[in-house]
Structures are given as structure tokens and as C-alpha cells.
Amino acid sequence: PKSGPMAGGTNVTIGGMFLNVGNGVKRVLLNGATCVILQSSLTQVTCTSSAQNVIGVGVVTVYIDNQVTINDAVTFEYTNNPNYTSVSPVRTIPAGGIILTFTGTYLNVSQKALLVINGMAG
């Protein structure tokens, strides 16, 4: 994706050519924040965004063999963190099976949403 929440945790794939030359990709920055490298190959690098304390769009910087490569057209945007404001219904039956509807802001920026109700993940 081209964006993710300030909390980090977004898996980002960066495409290119000859990314594994020499010692390969050693470092990736998204808008100045470290992106932890998960894997890299000849044509792509996958990394996980770290937390950032400001929102905004910035360039993606890739270090190959300690050489900086920046393409101003390749950007990543840190957005506000997801925040839910209400849930409906507010009561349900213990057996479950009832659809819950959440409303809020920036709910679409998280790749891995986890719902925890009374200490139970669902």
C-alpha cells in the first residue's frame, strides 16, 4: 500500500530492478522512519513500517550496498491511526453469531484489525 497508520505495522512491498546486487538492500526508510526488512529479491523488497509520530507523505529511501536510492515518485503516507467511535448493537447474546457494526475514522488504514471484547479476541 501507499499509506499506513502512524502506529506502524504495515507490510510494504517496494518494486524495482536489481535490488539484490552486491550485498543487496540493507535499509529502507518510509518518510524518514525505518521499515524493517522482511525479505528482498531481484525485483522487490518487503518490509514492515515502524511507528512515526507525524502524519504526512514522504519519499521511500532504499539503501543498496550502502548507496542511497531515492525516486521522488515513490512515496509513503503515514495517516492517523484507526479510531472507532461506536459499536452497534451494544448488547448481544453469549452464544454469539450477531453482526457488530463499528463506526469511526481511518478504519481502512489497518492491514490487520483485531477485535477484543472482554479479553477475548475475535
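Predicted model: local features only at pLDDT ≥ 70, side-chain atom pairs only at ≥ 80, totals over all residues.
The chain contains 11 strands and zero helices. Read from the N terminus, the order of elements is β-β-β-β-β-β-β-β-β-β-β. The radius of gyration is 18 Å, well over the 14 Å that the globule rule gives for 122 residues, so the chain is more spread out than a compact globule. The C-alpha trace spans about 60 × 25 × 20 Å along its principal axes. Of the 122 residues, 25% are buried. The accessible surface amounts to about 8000 Å². Carbon and sulfur atoms contribute 55% of that surface. Among contacts with a separation of 6 or more, 54% link residues 24 or more positions apart.

With S6 (residues 56–64), S3 forms five bridges in the antiparallel sense. With S4 (residues 33–40), S3 forms two bridges, again antiparallel. Leu29 takes part in both pairings: Thr61 stands opposite Leu29 in S6, and Thr34 is the bridge partner of Leu29 in S4. S3 and S4 form a hairpin, with two residues between the strands. Asn31 lies in the turn of this hairpin and has a positive phi of about 55°.

Most residues other than glycine have a negative phi, and most peptide bonds are trans. Asp65 is not a glycine, yet has a positive phi of about 55°. Asn66, also not a glycine, has a positive phi of about 65°. Asp65 lies in the loop between S6 and S7 (67–79), and Asn66 is placed in the loop between S6 and S7 as well. Asn66 reaches 64% and is exposed. A cis peptide bond joins Ser88 to Pro89, with omega about -5°. Pro89 sits in the loop between S8 (83–88) and S9 (101–105).

Definitions and conventions: Residues numbered from 1 in each chain as written. Heavy atoms only, no water. Helix = DSSP H or I, 4+ residues; strand = E, 2+ residues; numbered from the N terminus. Rg over C-alpha atoms; globule rule 2.2 N^0.38 Å. Buried < 20%, exposed > 50% of the residue type's maximum accessible area, 1.4 Å probe, protein only. Contact = heavy atoms within 4.5 Å. Areas by Shrake-Rupley, 256 points an atom, 1.4 Å probe, with all protein chains shown as cover. Pairing = 2+ DSSP bridges.
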